[in-house]
Amino acid sequence: MENKVTRQLYMVPYVLWIVLFVIAPILLVLYYSFFNIEGQLSLDNYQKFFTPVYLKMTLSSFWYAFLITAITLLVAYPTAYLLTKTKHKHLWLLLIIVPSWINLLLKAYAFLGIFGTFGAANQFLELIGIGTQQILFTDFSFIFVSVYIFIPFMILPIFNSLNQLNPTLLDAANDLGASKWMTFKRVIFPLTIDGVKSGCQVVFIPALSLFMLTRLIAGNRVITLGTAIEQHFLVTQDWGMGSTIAVFLIIFMFLIMFLTGTKKRGV
Amino acid sequence: MDRKITPVSKIFLVIIFFILYAPIFFLIFYSFNSGGNMNNFEGFTFDWYKELFQDTRLLIIVLNTLVVALLAALFSTIIGVMGALGIHAARRRQTKNTLLSINNVLIVSPDVIIGASFLVLFTMAGIKLGFYSVLLSHIAFCVPIVVLMVLPKLSEMSPTLLDAARDLGASRLDVITKVVLPYITPGIFAGFFMALTFSLDDFAVTFFVTGNGFSTLSVEIYSLARRGISLNINALSTLLFLFTLILVVIYYFINQRQQKPVLGGRK
Amino acid sequence: MRKLLNVFLLVSLASAILLLTISRMNAAQGLTSGNTLTIFNWGDYIDATLVKQFEDETGVKVIYETFDSNEAMMTKIEQGGTTYDIAVPSEYMIDKMRQENLLITLDHSKLPNLKNIDERFMDLPFDPDNKFSVPYFWGTVGIVYNSTMLDGIEIDSWNDLWNPKLKNEIFLIDGAREVIGMGLNSLGYSLNDINKEHLREAKEKLDSLTPNVKAIVGDEARTLLENREAAIGLVWSGVASEIMYENEELEYVVPKEGSNLWFDNMVIPKTAKNVEAAHQFINFILDAKIAAQNTEYVSYSTPNKEALKHMPEEMVNDQRFYPPAELTEKLEVYENLGKKNLAYYNELFLEFKMHRK
């Protein structure tokens, strides 16, 4: 009995937060999604979502989000792993986070300069004999910069779970004659899967709705659901359609969370 | 675990750090450009730094940004940790997953929607737009990330540890403050830093909920971007960057001396 | 636990110190006194020294906030919670705000300098008799191009952009009405056309432009064009004049098929707290010398005919940016097409963006 009361007591701020800043906005968004552009109650927006334009957009958003998450994971996991082996590992970890404190827009502008036709990246390509390429406004630059931005968010949870790993387990695996790859596949990776999962969640889900970079770095050649929502809210002022897309994003998110949900692990 | 880092790994880490810091060095480099833009470096100057210190308005904005980030990170960490404890304590897996999904709604929702719906909420509640509305919304969108950072730590904690504590006669409060919190401290710090990052970087939400003369750095930068960013913003970023860097290093070594690591786990 | 508490205390202390400093600095700036004026304007759309001058002359403290789209501005004014005394929307938005009762009627007796404004820019359809708005700047939409990068290709019409030699050489503005409008104009239709077949046709024509389009960008177009990232840009005249000042290889042309003529006017929103100071400020900006200085900084075209006398001759005589009335009559002003048609424009624009090379 006492347990329950204390538990409910410390949950108060969090539940309050959920009600005020999650449930209320969701209801608001849901409410708006049932109004068409002329302010009439209707299902027009939902119908519109299932037209080829929006379906195509959804698919491409998922595709880019998938690519971004996969590449971020591929880069972040070895980085996190190597970081745990360095001498001042916590210092290095902090140094991974520090760049993300510099304003995103400023970094995007820096990338505009670096990737430009006369930028540093092309000068380098020129130097090694490949010659000037169009880097800006391509899929490559978009994915590169997105990965750049998400890397710290992926490294942090993975680092935490790698760091938690009991070294004796690895010694044991080693003693039992497991190869390095075997140790990784059978011991390290499964034990850090929770970190990987939360890393993927914090990358994949926001990647679905990236918007500023789609214009600055991809020159609007990549259109994500986030871009469309932004357009509807800020340009068309069609809050109904914007909300409808948002409703679908929220549904997708629930699905993703459900699929990657943590299973109970025995210890 | 084998403690050596192979040269290949070293090169990999160097490349990662180089990429992470490249745009920042780009910004720093051009902050000394007398040419006034980020394209061709004409000559060395400190003018932008001088100009920066005469701009009281900009300095106020910087301080506003910092104070909002610090307070938002602080409060969202407190609320988030409570929430994580609550979610972790949930008995049924379904309850857990539902709570977790609700938790993540704000991470997946595009900033524009969060901004617009918060704006509607605040005006409905009669809250004057300005410092408090910005702070409240920053706290709101930072909470879920803290929860995500803390939860993996909680699920790694072995239940036997708690049982042991309880068997030794610890009260529930004691269990939390003396056993649980110390154990999840790395996750709490990770959450705090992530919250700080989210808050410092946010533009879209702040834009909607700010008003009456209150502004943050990213909103200001966004509005300045129309003419191409002025180099005193570069100068500002340089100073902020160096400041955080020094702070991080000092913080780390003070902690090091006390033999207590900062982020990540304990060995 | 100790460590957590320590950090908690440290962060609280730091925040308290910061808050104290901020309030000190604000007080030093005089922002806490009652007599303030909040201006809501486009980013970088005024010479800041003029704001200072206004403060010194009147003792009114100015709070300056910026927005980056008419729609975002309107959302904030519509929702309330803020006290903007002056805003600077474009013509179609003034029409809309007027209809939705978001504006205060101007007291012309408090604006003696209104006489400085050229008759051409007064009493326009979006605001008859200038009951709610006063002209601030105006301009056109056109093509800016770098002749040194085009080896001899001449550009004076929209259709010139479809030249297959211009592969990957065009930057478009991220605006539905501007881009779809270009498609409509190139086909000889009106910018305000709401015939769905015409719009479809325009969109399909635009699709065939895709190989030439390098990117659809926002304000960063300035920097990109200035740096020769591409040879051609669809831009607003003010953007063009600004970058032409930086890079002399650039040229600006208003296409012969026609284009858009736009106005940004000053208004006093319903949310205003200091209507008196707002009038004072508008009158201040309408002053000939002040307007001249502002125009030289902002580099858009001023509607203030007296101001022209205080500006450099080459600026005033530049027909690219001060086209005579015969030319501007051929241009079209955006009409408020209503939400439904606007939504259709945007949908087509979205489809156009998704059309891959």
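# Domains, helices and chain contacts in a predicted model

Colleague: What is the distance between the C-alpha centres of domain 1 of chain C and domain 2 of chain C?

Modeller: The C-alpha centres of the two domains lie 27 Å apart. Domain bounds here come from an automatic or database domain assignment. Note that this is a predicted model, where local features need pLDDT of at least 70 and side-chain atom pairs count only at pLDDT 80 or more, while totals for chains, interfaces and linings use all residues. Residues are numbered from 1 along each chain as its sequence is written, and chains are lettered from A and ligands numbered from 1 in the order in which they are written.

Colleague: Which residues does the assignment give to each domain of chain C?

Modeller: Domain 1 of chain C takes 32-136 + 263-316. Domain 2 of chain C takes 139-261 + 323-356.

Colleague: How many residues of each domain are in contact?

Modeller: Contact has a cut-off: the C-beta atoms of two residues, placed from the backbone, lie within 7 Å. By that rule, nine residues of domain 1 of chain C are in contact with eleven residues of domain 2 of chain C.

Colleague: Which helix gives the most to the domain 1 side?

Modeller: Helices are DSSP runs of H or I with at least four residues, strands are runs of E with at least two, and both are numbered from the N terminus. Helix H4 (residues 91-99) of chain C gives the most to that side, with four residues. Next, the classes. Ala, Val, Leu, Ile, Met, Phe, Trp, Tyr, Cys and Pro count as nonpolar; Asp, Glu, Lys and Arg count as charged; the others, Gly among them, count as polar. The side of domain 1 of chain C that touches domain 2 of chain C has three nonpolar, two polar and four charged residues.

Colleague: On to chains A and B. How many helices and strands are there in chain A?

Modeller: Chain A has twelve helices and zero strands. Its C-alpha trace spans about 75 × 70 × 30 Å along its principal axes. Chain B has eleven helices and zero strands. The C-alpha trace of chain B spans about 70 × 60 × 30 Å along its principal axes.

Colleague: Where does UniProt list "transmembrane region" in chain A?

Modeller: UniProt positions are given in the numbering used here, feature names are shortened, and annotations may be inferred rather than shown by experiment. The unreviewed UniProt entry lists residues 12-34, 62-84, 91-115, 135-159, 202-219 and 239-259 of chain A. Take residues 62-84 of chain A: the span is 100% helix and 0% strand, with its end C-alpha atoms 32 Å apart. Residues 91-115 of chain A are 76% helix and 0% strand, with end C-alpha atoms 30 Å apart.

Colleague: What about chain B? Where does UniProt place the feature "transmembrane region" there?

Modeller: Its unreviewed entry places the feature at several spans of chain B, including residues 58-87 and 175-197. The end C-alpha atoms of residues 58-87 of chain B lie 42 Å apart, and the span is 100% helix. For residues 175-197 of chain B the ends lie 31 Å apart, again with 100% helix.

Colleague: How many residues of chain A are in contact with chain B?

Modeller: 80 residues of chain A are in contact with 80 residues of chain B. Helix H1 (residues 2-33) of chain A supplies the largest share of the chain A side, 16 residues. That side has 53 nonpolar, 20 polar and seven charged residues.

Colleague: At what angle do helix H5 (residues 104-115) of chain A and helix H1 (residues 7-30) of chain B pack?

Modeller: Axes are lines fitted to C-alpha atoms, for helices over the stretch in contact, and angles run from 0 to 180 degrees between N-to-C directions. H5(A) and H1(B) pack at about 85°, with their axes 9 Å apart. Angles under 35 degrees count as roughly parallel, over 145 as roughly antiparallel, 65 to 115 as roughly perpendicular and the rest as oblique. H5(A) and H1(B) are therefore roughly perpendicular. Residues that meet include A:Phe111 and A:Ile114 in H5(A), and B:Pro23 and B:Phe26 in H1(B). The contact has eight nonpolar, one polar and one charged residues.

Colleague: At what angle do helix H3 (residues 56-89) of chain B and helix H1 (residues 2-28) of chain C cross?

Modeller: Their axes come within 9 Å and cross at roughly 150°. That makes H3(B) roughly antiparallel to H1(C). Among the residues making the contact are B:Leu63 and B:Leu70 of H3(B), with C:Leu18 and C:Ile22 of H1(C). By class, the contact has 13 nonpolar, six polar and no charged residues.

Colleague: How many residues of chain A are in contact with chain C?

Modeller: 24 residues of chain A are in contact with 23 residues of chain C. Helix H3 (52-85), helix H10 (212-216) and helix H11 (225-236) of chain A each give two or more residues to the chain A side. H11(A) gives the largest share, five residues. The chain A side has eleven nonpolar, eight polar and five charged residues.
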